[in-house]
Every structure is written in C-alpha cells, then in structure tokens.
Amino acid sequence: MNRLALLAALFLGALALRPQLVGVGPLLPDIDDDLDVSHAVAGLLGTIPVLCMGLFAPPAAFLGGRLGTRAAIGVCLAGIAAFGLARAAAPGAPLVLALTLPIGVGMGLAGALMPVAVKEHFAHRPAFASGIYTTGIQVGSALSSALAVPIAAAWGGWRAALVVFSASTVLIFAGWMLLTPLEREHRRTAPPRLPWARRLVWGLVLVFALQSIVYYGLVAWMPDSFQERGWSDQSAGALLGVMSVAAVPGGLLVPYFADRRGSRRQWMELTAGAIFVGTIGVAALPDAGFVWAVFAGFGIGATFPLTLTLPLDATNKPSEAGAVVGLMLGAGYTIAAAGPIALGAVRDLTGSFATSLWVLVALAAALLAAIAPLSPERLRPPARLEAEAAVP
C-alpha cells in the first residue's frame, strides 16, 4: 500500500509541473493582444520557466539534502501555487514576466527532485516509476492545454485560466503532503559534486536538450502556427490537448516494457522516430494536424521518462543520480530555454511559422542521431564497470 501511495503521490505532484507553462500556449494570442507585446516577448512566457528549470535543477540536490525529498517537493508545489496566483493578478507585461521567474524556479527544483524520489523508492523499476510521474506531467499538460481557452472564454480571459491552474496546485500540494510518508529522521547531507568530467553525462545533456527544444517549441507555437493557417482558436488549442493525451499511453506503456525487454537505446530510437514523423507532418501536411499531434505526443510522452531514467541506470546511489539529473536537466533546460523565443523571433523575421517548424524537424533528426551512442555498456554505473573489470 505504501508503494501505491507513493506512486499516486508522484503522479499527483507531477500534475502541477507544467500547467503554468503549457497552459499558456493556447492563450498566447490573447496575451499578445492584451499586453501589447511581440511574438518574441510573448515567447518569454515559455522561455523563462524552461530556463529556470535548467538553472535551478543543480541546486535541487542541495535543497533535497537539507529538507528531504518530500518536504523539498512540497515547498516547490506551494511556491508554484502562490506565485501563480500573483501572476494571474499582475497588471502589465513586466510584472507578468517577473512573476513567471519564481514559478519556473519551483518547477525546476521539483522536476529535478522527482527522479531522486524514484531512485530512493523504486530503484528496481526506475523506468515504470518514472513513467508514472511523467504521465502526471503529461496529464497536467493535456488538461491545461485543453481547458485553457474554454476557461478563458467562460470566465473573463486568460487571467482566469491562470487562477484555475494555480488554485488546482494548492489542492495538489495538500495531496502530496498527505500521500507521502513523513521523513522523521532525515539527515542533512552535503550536495553531491556534479559529474562535469563524465562524457556520458554530456551525451545525456544533448539528448535531453534536443527533445526539450522540440517539445517546448511545439507547446509555445503550434497553436499560433495553425491559427496562422486559418484554424480557429479552439481547434488550434486542441492540438496541444491531443498531443498531451497521446503522450499518456506513451509515458506508461513504453517505460513498462523498457524495464523488461530490449535496451533503452532501442526504445528511444523508436519513440524519437515518432517525434520526427510528427514534426515533419506538422511542417508539411498541416491539414492532418491532429494525426501529427498524436505521433509527436506519443513519441514525446515515451522519450521523456526514458531520458529521465538514463541517469538512474548510470548511477548506483540516489545522491549520485541527483547529481547526474541536476547536470542533465540544468544544462539541458538552459539550452532548451532558447527554443521558444528563438522560434518566435524567426517567425517575426520571416512573417510566418513555416521556417520555425522546419527548424523543429531538423532538431528531431538531430535527436535520433544523439541517441545512437547510448549503448547498454555506456549506460552502466562506473562502480559496476570497475567491479566487473576486477572479476578474473
């Protein structure tokens, strides 16, 4: 029962880690008009949280060591809720952008602590447990992207949608604290050193950065790009909902089988291939937009938890996993943060989203190439490799 409660807590806590970002995507046209900003400036609403998820992933190990994983994630959820409510009420673009910063900090810290919680409690089934909480991320993304426009239309605009997302996070915080066991004897630990010199980790950084750029690029601009092609606001916004819904079976089924057969690389090549097909379709055949959203969503939904499992495969202890996760997410998200604003700037320069979408196709192809070196031998922990080498 304790493990079921922990899985439920991981799923529930993850629900709050994307609505303040993904739910903004369908609202960007209204935000553009209301705040009177350019596409590039509006893209900062996607860039700032992603950048924060990069900059504040490495310090997550320190926060977890001081407070314990349970309490640290709880603090992050409370911060997302509080600053989310403040942002919804903020007058003017500068304050809206400024309050996006602490929301991103909470998302970054909590996102880096989730894999540590998996390593602590589910070291025997890391891909499946990672799939559970990343499915929570995808469900939260699906609900927020699908409901953002209807809530805004029914309750007075984009600010009302942000209030709903933030109020929901208050309930999620309460659920997280109830479902997770109290760490009565938590011992403060020194933060682990980041593995700067380990080449494998930089390969993981590249994989994570590429799949993140593609995902956040689609989240930020796919609705706008289809509105530009003549789709209605609701239909274009529904594309993100379809993409997020399609990510759910990918995030559950593929990690489940990846713990049992085949290699991580084999599964990731398959799922990254689906992303590649989806981006080509979005760029070249927009009339079948919902089909390509399914391909991209399924591929992203499966690739994300598999990528987050790689640091768990490549380490022995939760503290070591936290260090690798911190560097992978830190550098990966920092690189990916340039995606939404760069793609928005390309749109401003060219006058349409066509070039931006083909850039995403090229990045999806690069992701397939980056996965190729991740053999099972390279993903084994260093200590295990040394022990095997010592056996006559």
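The following questions and answers go through a predicted model.

Biologist: How many disulfides does the count come to?

Modeller: A disulfide is a covalent bond between the sulfur atoms of two cysteines. The sulfur of cysteine 52 has its closest cysteine sulfur in cysteine 76, 12 Å away, which is too far for a bond. Seen from cysteine 76, the closest cysteine sulfur is that of cysteine 52, again at 12 Å. With a cut-off of 2.5 Å for the sulfur pair, the count is zero.

Biologist: Is cysteine 52 buried or exposed?

Modeller: Buried residues have under 20% relative accessible area. Cysteine 52 has 2% relative accessibility, so cysteine 52 is buried.

Biologist: And cysteine 76, is that buried or exposed?

Modeller: The cut-off for buried is under 20%. Cysteine 76 has 4% relative accessibility, and therefore counts as buried.

Biologist: Which residues of H5 meet H8?

Modeller: Helix H5 covers residues 44-55 and helix H8 covers residues 93-121, and their axes come within 7 Å. On the H8 side the contacts include Val96, Leu97, Thr100 and Gly104. On the H5 side the residues are Leu44, Leu45, Ile48, Pro49, Cys52 and Met53.

Biologist: At what angle do the axes of H5 and H8 cross, and with which handedness?

Modeller: The two axes cross at roughly 35°. The crossing of H5 and H8 is right-handed.

Biologist: How many aromatic pairs are found in the whole structure, and what is the geometry of phenylalanine 128 with tyrosine 256?

Modeller: The search finds 10 aromatic pairs. For phenylalanine 128 and tyrosine 256 the ring centres are 6.0 Å apart and the planes are at 75°. Planes over 60 degrees apart count as edge-to-face, so this pair is edge-to-face.

Biologist: How many residues apart are phenylalanine 128 and tyrosine 256?

Modeller: Phenylalanine 128 lies in helix H9 (residues 126-155) and tyrosine 256 in helix H12 (residues 233-258). The pair links distant parts of the chain, and the two are 128 residues apart.

Biologist: What are the relative accessible areas of these two residues?

Modeller: Both residues are partly exposed. Phenylalanine 128 has 21%, and tyrosine 256 has 33%.

Biologist: How are the rings of tyrosine 215 and tyrosine 216 arranged?

Modeller: Tyrosine 215 is buried at 7% relative accessible area, and tyrosine 216 is buried at 4%. Their ring centres are 4.8 Å apart and the planes lie at 65°, so the pair is edge-to-face.

Biologist: Which residues do ring pairs link into a cluster?

Modeller: Tyr215 and Tyr216 are among the members. The cluster consists of Phe208, Tyr215, Tyr216, Phe304 and Tyr333.

Biologist: What does serine 212 touch, not counting residues up to four places away in sequence?

Modeller: Serine 212 is in helix H11 (residues 199-228). With a relative accessible area of 2%, serine 212 is buried. Its contacts are Gly217, Tyr333 and Ala336.

Biologist: Over which ring does the charged end of arginine 229 sit, and over which that of arginine 347?

Modeller: The charged end of arginine 229 is 4.9 Å from the centre of the ring of phenylalanine 226. For arginine 347 the distance is 5.6 Å, and the ring is that of phenylalanine 353.

Biologist: How far apart in space are glycine 157 and isoleucine 103?

Modeller: Glycine 157 is in the loop between H9 and helix H10 (158-179), and is partly exposed at 22%. In sequence, glycine 157 and isoleucine 103 are 54 residues apart. In space, C-alpha to C-alpha, the distance is 20 Å.

Note on methods
Residues numbered from 1 in each chain as written. Predicted model: local features only at pLDDT ≥ 70, side-chain atom pairs only at ≥ 80, totals over all residues. Heavy atoms only, no water. Buried < 20%, exposed > 50% of the residue type's maximum accessible area, 1.4 Å probe, protein only. Phe/Tyr/Trp six-rings, centres within 6.5 Å; stacked < 30°, edge-to-face > 60°. Helix = DSSP H or I, 4+ residues; strand = E, 2+ residues; numbered from the N terminus. Lys NZ or Arg CZ within 6 Å of the ring centre and 35° of its normal. Contact = heavy atoms within 4.5 Å. Axes fitted to C-alpha atoms, helices over the stretch in contact; angles between N-to-C directions. Left-handed = near helix turned anticlockwise from the far one by under 90°.
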